[in-house]
Amino acid sequence: MPPGLPPAESQEAIWEWFQNEGVRSFAGARPRLAWLARRLRTQLTGHHPAVLDLGVGAGTFEELGLALGLDVHCVDPSARAIEGLRERLGLGEKARVGRAQALPFADGAFEGAVASEVLEHLDDEALEQALAELARVLRPGGLLVGSVPAREDLAAGAVVCPRCTHRFHRWGHVRTLEPDELGRRLARAGFTLLETSERPFPCFRELNWKGRLGGALRLLLWRFGVHGREETLVFAAARQA
């Protein structure tokens with residue numbers, strides 16, 4: 001964590017704002033979440049496999065997962081965001097208020113789980129607890145898919161409150177995760193890392209013509225093995241028996 005950036009638990013006001021008043025900020029996440037939802041749907045057996053979404057954002061994964069026939073459950077610290085999802089998507093008690101470090105679900109309740117743009121918000125202790133909890137609520141052989149920013153420069157995302165001079169990351173990020181470290185942490189929690197890859201997820205529906213050209217160029221270069229900025233590290237891991 002860069003010097004001066006506060007731990008995640010002191011940044012809850014940031015998350016609360018983005019989850020509710022600033023929910024439009026999640027609009028560009030749709031292609032990434034659609035990719036993860038399809039990954040779960042194609043790998044999990046059964047007609048309506050039960051999956052858990054860790055951190056709801058704008059509820060996009062919930063919408064996409066339901067449309068694909070997944071039995072979607074979700075958890076988030078924001079009571080307002082959870083209540084909104086219950087009303088909008090009719091999830092009822094499948095949407096619960098809670099934290100990654102103490103998931104309010106039974107052991108082995110899910111066949112799959114997704115943690116997209118969540119792990120980078122957690123310090124060492126919270127990350128260890130969250131991965132252990134994900135292993136607990138997944139059945140043996142269950143699939144965890146997720147994403148973190150690729151090669152993020154945390155200092156570049158730091159901002160300062162003009163009123164109190166408090167310094168913080170604008171998205172509440174406190175760490176970066178490279179594939180090797182991610183694999184080690186997953187292994188300690190009882191997972192086998194199956195794959196990682198860095199890829200761009202431009203959201204063309206949210207871009208103007210210049211942005212669409214830039215997004216198309218990033219995708220083209222990526223297909224030829226050329227990596228740049230604004231990429232995401234996606235991963236899949238299996239819960240060990």
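**Exercise 1.** With which side chain does the side chain of His173 make a polar contact?

*Solution.* Before we start: this is a predicted model, where local features need pLDDT of at least 70, side-chain atom pairs count only at pLDDT 80 or more, and totals for chains, interfaces and linings use all residues. Residues are numbered from 1 along each chain as its sequence is written, and side-chain values use heavy atoms, with hydrogens and water left out.

Step 1: find the residue. His173 sits in the loop between S7 and helix H6 (179-189). Helices (H or I, at least four residues) and strands (E, at least two) are DSSP runs, numbered from the N terminus.

Step 2: check how covered it is. His173 is buried, at 8% relative accessible area. Buried means under 20% relative accessible area, exposed over 50%, and partly exposed in between (1.4 Å probe, protein chains only).

Step 3: name the partner. The side chain of His173 meets the side chain of Glu152 at 2.9 Å. A polar contact is a pair of N or O atoms within 3.5 Å; within protein, one must be able to donate a hydrogen and the other to accept it, and residues adjacent in sequence count only if both atoms are side-chain atoms.

**Exercise 2.** Work out how strand S2 (71-76) is covered and what it pairs with.

*Solution.* Step 1: count. Six of the six residues of S2 are buried.

Step 1: take the S1 side. Strand S1 (residues 50-54) runs parallel to S2, with five bridges between them; two strands pair if DSSP finds at least two bridges between them. Leu54 has Val75 as its bridge partner in S2. Going from S1 to S2, the chain passes through helix H3 (residues 60-67), in a right-handed β-α-β crossover. Right-handed here means that, with the strands pointing away from the viewer, the path from the first strand over the helix to the second runs clockwise.

Step 2: take the S3 side. S2 and S3 are parallel too, joined by three bridges, and Val75 is partnered with Arg96 in S3. S2, H4 and S3 make another β-α-β unit, also right-handed.

**Exercise 3.** Which strands pair with S5 (residues 138-149), and in which sense?

*Solution.* Step 1: see how covered S5 is. Nine of its twelve residues are buried.

Step 1: pair S5 with S4. These two are parallel over six bridges, and Ala113 has Leu144 as its partner in S5. The chain gets from S4 to S5 through H5, and this β-α-β crossover is right-handed.

Step 2: pair S5 with strand S9 (residues 231-239). This time the sense is antiparallel, over seven bridges, with Leu143 opposite Ala238 in S9.

**Exercise 4.** How many disulfides are there?

*Solution.* Step 1: set the rule. A disulfide is a pair of cysteine sulfur atoms within 2.5 Å.

Step 1: apply it. The count is zero.

Step 2: look at two cysteines anyway. Cys74 is buried at 0% relative accessible area, and Cys203 is buried at 6%.

How values were computed: Contact = heavy atoms within 4.5 Å.
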